[in-house]
Amino acid sequence: MRDLDAAGARYAQLGFVVGARNHHPWGTHNRIVQFPGVFIELLTIAEPELIPPHAPRAFSFGAFTRDVLAQREGLAMLALEGKGAAGDADAFHAAGISDFEVFNFGRDARRPDGSTVKVAFSLVFASDPRAPESGFFTSQNHNPENFWNPAFQHHANSASTITGVVMVADNPADHHVFLKAFSGVGDLKSTSSGITIETPRGEIQVMDPSAYQTHFAVEAPDVSAGARLAALRFAVRDMDALRSALQAGGVDAIGHIGRLVVPPQMAFGAALVFEPVAA
């Protein structure tokens, strides 16, 4: 996001609990929207002078974010829960999807009472040359007791979790080898709409532009430069509570095939798809 506070305010208008601003040591700031075991990271460039350049075997989180924001807003990176940084790095190297070193970092996090605690992570980056505008990494959380907070996970819109992320590509099948290696999931579903990989935390879907528009009733992003992350899907316990939260926040949504879809122009470039929890 180019304006982190405006993005935080919009997500609050969508009925989410949005965490306080956090600072990274490489120039980015974030605000977090939590669910049990999964989260959205609202991210901006705040201190460009701190951003390190990309280097051999070193992926610069800050430089990637800066370069994406220079072109557009929207979903930029997909993070999966790591199985262990060293093991993920070995697996990615063996699969030919990464030659990056493990990136370790820590930062202060603020609790609701204003006190600070330490959090630390190990990130393992991977790259899909057919999706150069999308970042991919796994994250190993070294202080989960300081990061996860149930008080932040109860949202007025009744969204209970993220059920999936949707990418758009001219030819979804081009990405199955990379995504299988990145996710560590060997099986995938292939349909006329694209491909789907089921991870323990939700689905990764890749659709062609026509299927994306049919499923979500919003315009597909420009994928002339490669596949793009385009939408997040949420499970909602109470669709009436969702409608009330959106109405209170002054946010318009599109009703489509039993879902409510907040279009990307209302959510800083990301389509947000709210679906009732399956009975």
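## An aromatic pair

Phe-59 and Phe-64 are both buried. The model in which they are found is predicted. A pair of aromatic rings is described by the distance of the centres and the angle of the planes. For Phe-59 and Phe-64 the ring centres are 5.5 Å apart and the planes stand at 40 degrees, so the pair is tilted. The cut-offs behind that label are under 30 degrees for stacked and over 60 for edge-to-face, with the rest counted as tilted. The structure holds 25 aromatic pairs.

## The chain as a whole

The protein chain contains seven helices and 15 strands. Its radius of gyration is 18 Å, which agrees with the value near 19 Å that a compact globule of 279 residues would have. The C-alpha trace spans about 50 × 50 × 35 Å along its principal axes.

Of the 279 residues, 51% count as buried. The chain exposes about 12,500 Å², and carbon and sulfur atoms supply 52% of that area. Taking contacts between residues at least 6 apart in sequence, 61% join residues at least 24 apart. The chain carries 21 positive and 29 negative charges, and the mean positions of the two sets are 3 Å apart.

## Helix α2

Helix α2 covers residues 61-71, and Thr-65 is found in it. Is Thr-65 buried or exposed? Its relative accessibility is 6%, so Thr-65 counts as buried. Beyond residues up to four places away in sequence, Thr-65 touches Thr-28, Leu-43, Ile-45 and Met-77.

With a relative accessible area of 65%, Gln-71 is exposed, whereas Thr-65 is buried. From Gln-71 to Glu-133 the separation is 62 residues along the sequence and 9.7 Å between C-alpha atoms.

## Strand β10

Strand β10 runs over residues 194-199 and includes Thr-196. The relative accessible area of Thr-196 is 15%, and the residue is therefore buried, the cut-off for buried being under 20%. Which residues does Thr-196 contact, leaving aside neighbours within four places in sequence? They are Leu-188, Lys-189, Glu-203, Ile-204 and Gln-205.

Ile-254 lies in strand β13. Its relative accessibility is 28%, so Ile-254 counts as partly exposed; this class lies between the limits of 20% and 50%. Not counting residues up to four places away in sequence, Ile-254 touches Ala-217 and Val-218, as well as Arg-259, Leu-260, Val-261 and Pro-263. Ile-254 and Ala-70 are 184 residues apart in sequence, and their C-alpha atoms are 29 Å apart in space.

Ile-257 sits in the loop that joins β13 (254-256) and β14 (259-262). Phi of Ile-257 is near 50 degrees, which is a positive value in a residue other than glycine. Ile-257 is exposed, at 61% relative accessible area. Gly-258 belongs to the loop between β13 and β14, and it is exposed with a relative accessible area of 54%. Neighbours within four places aside, Gly-258 is in contact with Met-239 and Pro-276. Gly-258 and Phe-274 are 16 residues apart along the chain, with a C-alpha separation of 9.1 Å.

## The loop between β14 and β15

Phe-268 is found in the loop between β14 and β15, the latter strand covering residues 271-276. What is phi of Phe-268? The angle is near 55 degrees, a positive value in a residue other than glycine. The relative accessible area of Phe-268 is 19%, so Phe-268 is buried. Positive phi values are thus found at Ile-257 and at Phe-268; Ile-257 is exposed, whereas Phe-268 is buried.

Methods
Residues are numbered from 1 along each chain as its sequence is written. This is a predicted model: local features need pLDDT of at least 70, side-chain atom pairs count only at pLDDT 80 or more; totals for chains, interfaces and linings use all residues. Side-chain values use heavy atoms; hydrogens and water are left out. Helices (H or I, at least four residues) and strands (E, at least two) are DSSP runs, numbered from the N terminus. The radius of gyration is taken over C-alpha atoms; the globule rule is 2.2 Å times the number of residues to the power 0.38. Buried means under 20% relative accessible area, exposed over 50%, partly exposed in between (1.4 Å probe, protein chains only). Contact means heavy atoms within 4.5 Å. Accessible areas come from the Shrake-Rupley method with a 1.4 Å probe; for residues, only the protein chains shown count as cover. Lys and Arg count as positive and Asp and Glu as negative; His and the chain ends are not counted. The place of a charge is taken as NZ of Lys, CZ of Arg, CG of Asp or CD of Glu. Rings of Phe, Tyr and Trp (its six-membered ring) pair if their centres lie within 6.5 Å; planes under 30 degrees apart count as stacked, over 60 as edge-to-face and the rest as tilted.
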